[in-house]
Amino acid sequence: MSEAAPHLSVDSATGIDVTLPIAGAGARSYAFVVDWHIRLVLGLAWYGAAALLYNYVREGAVSLAPPVTNEARWFGAVLVPALVLYFLYHPLLELILRGSTPGKRLAGVRVVGRDGGVPGAGPLLVRNVFRLIDSLPLAYGLGLMLVALTREHVRCGDMAAGTLLVYETASPGLALAPASTAGSLDVATAELVAELLARWPRLTVPARAALARALLRRCGRLADSLAPLDDEALRRALIEASRAGEAAA
Amino acid sequence: MSAEPRQSALAHALLERAPQWREAEARARRFSQGRSDDPAEAVRVADDYRLLAHDLARARALMPRSRTREYLESTYARVHATLNHGGWRLGAALRRVFRDDLPASVRWLAPYLVWSTLLFLLAALAGYALVDRFPELIALFASPDLIASVESGKLWTEGLLNIVPSSVLSVQILANNIVVSLFAYCSGFLFGLGTLYILGLNGMMLGAIFAFVARHALAGALATFIVAHGCVELSVMCVSGAAGAAVGEALVRPGSEGRVAAFRTVALRSGEVLLACSVLLVGAGLIEGFVSPRPGIPLPVKIAVGVGYWLFMVALLTGRLWPRAAGESPGA
């Protein structure tokens, strides 16, 4: 996060402000696209499964086609639930998941009030009502334009509800730098070493080798003239780099 | 690569507290998700808050561009939210909206409601007078099918259930009404003009159609059709207009707090009223699909349904549906 990035600053009793980085158009769009696909797939899946079942039970036919005449059962069992899944996805999930949706989680963002807390049910519902305006004239044109132009990157619904979209900056599993490295490495490098070691088993051999070499070079522990190290030797070199501070500390 | 010795020692001391930060985060997470209500743990959360504030201040100075600082910012924000905002429960949040916020917002909206109802009635009168004086203008307000049906001496609603089942009709109607109401409200974003236009147009349409059916001696039949669902449906239209007008006024005359802040305050208050009205429109749609078009239901029953549902609406909007326990204060 750069220092110039917009953020929500909330006063606290300790005198140290709570600072939440505000998400921009990119993170918003990413979250929306993911959510849009989820609700589309959910709606279509319900329609497909219910239509197949309905037609099979009623006529013994395997078909997705709607009946020729208006049939209440078709409407109630097939069409309405599919439309509810599609159109009420955002308000219902934001209420249940406290200002979040699967798409927002994936994008690492969540909805908060001006006080930094989870907004109440009213604001969450109001920000969704205003999707009617934000989606004009098409493809959230007005909403995106407002997000791009406003200082806090808010669409009309957020202005109305007093909400903001902020980044969830850290996860509980985040690899922090061990204290012992503080004497030998700068904190940012130590964090990268710790994170690379934590992710080591999940990375492919070429990828982790390239990252390890770059990091060791940054620590001054890999001279270009030396013979290339194999995978295990690179891992050991990283561990040694992270432990080097213990002697110094 | 090494930092200055003093800075390094401070960073070293700070990073040694990482296990405490993780414990603090886990504790705050348990509390915010309602998985712990141990008083001793609550005290520890308060201690965590001070510890994190202290460490965050140091991290901002010592390692401003590090993930450690970002982690501390996030954990501090979580503990702050846990201590200051309490648990978030969906049921309690919805109850607060309907029991406390909604009646207060309706009281605040009352002057706008008077004006929007007046505008709607005037528009209906104007529509009535216009079509009564110039019947050919009905083509501006009604579809050719509707006109042909009335001119042949039948309401377009007759035999409706032979074409569309009640449930289908209900869903089509309620979806349309909700979209129109919400759109009338949201159009207040256009400095109130969109709302006034939608309110006026709907009022004129109602008056014009009544004038047209009255010329063919079908006004009584139309009133019989409308009475069961119309009381709430038309009231909600006026409430939508009131809410949209309030939003428009906040943008036109924001006062000292600024346009965006005024818009936020007003849209949030009036939006809650609109959401309750949307729920009411679901009921109105069901009545319009299942009760209104059935000729077998006698008029007194339709009137009772219409008035009864309207009284329910009034009770919901004024908070009388959820009486408070003795000694309970508003907002508690």
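## An enclosed strand in chain A

In this predicted model, all 5 of the 5 residues of strand E4 (residues 163–167) of chain A are buried, so the strand is largely enclosed by the rest of the structure. The cover extends to both faces of E4(A), with A:Thr163, A:Leu165 and A:Tyr167 buried on one side and A:Leu164 and A:Val166 buried on the other.

Strand E3 (residues 109–113) of chain A runs antiparallel to E4(A), and 5 bridges join the two strands. Within this pairing, A:Val111 has A:Leu165 of E4(A) as its bridge partner, and A:Leu165 is also one of the buried residues named above.

## Domains of chain A

Chain A is divided into domain 1, covering 7–167, and domain 2, covering 179–248. Taken over C-alpha atoms, the centres of domain 1 and domain 2 of chain A are separated by 42 Å.

## A bent helix in chain B

Helix H10 (residues 219–252) of chain B spans only 40 Å between its end C-alpha atoms, whereas a straight helix of 34 residues would span 50 Å at 1.5 Å a residue. At B:His229, H10(B) bends by about 65 degrees.

## Confidence

The average pLDDT of chain B is 86, and 93% of its residues score at least 70. Within chain B, confidence is highest in helix H12 (residues 299–317), at a mean of 94, and lowest in helix H7 (residues 160–163), at a mean of 70. Where pLDDT is low, the predicted coordinates should not be read in detail. For the complex, the predictor gives an ipTM of 0.76 and a pTM of 0.78.

Note on methods. Residues are numbered from 1 along each chain as its sequence is written. Chains are lettered from A and ligands numbered from 1 in the order in which they are written. This is a predicted model: local features need pLDDT of at least 70, side-chain atom pairs count only at pLDDT 80 or more; totals for chains, interfaces and linings use all residues. Helices (H or I, at least four residues) and strands (E, at least two) are DSSP runs, numbered from the N terminus. The expected span of a helix is 1.5 Å times one less than its number of residues. The bend at a residue is the angle between axes fitted to the seven residues ending there and the seven starting there. A residue is buried if 20 or more other C-beta atoms lie within 10 Å of its own, exposed if 12 or fewer, and partly exposed in between; C-beta atoms are placed from the backbone. Two strands pair if DSSP finds at least two bridges between them. Domain bounds come from an automatic or database domain assignment. pLDDT is the predictor's confidence in each residue, from 0 to 100.
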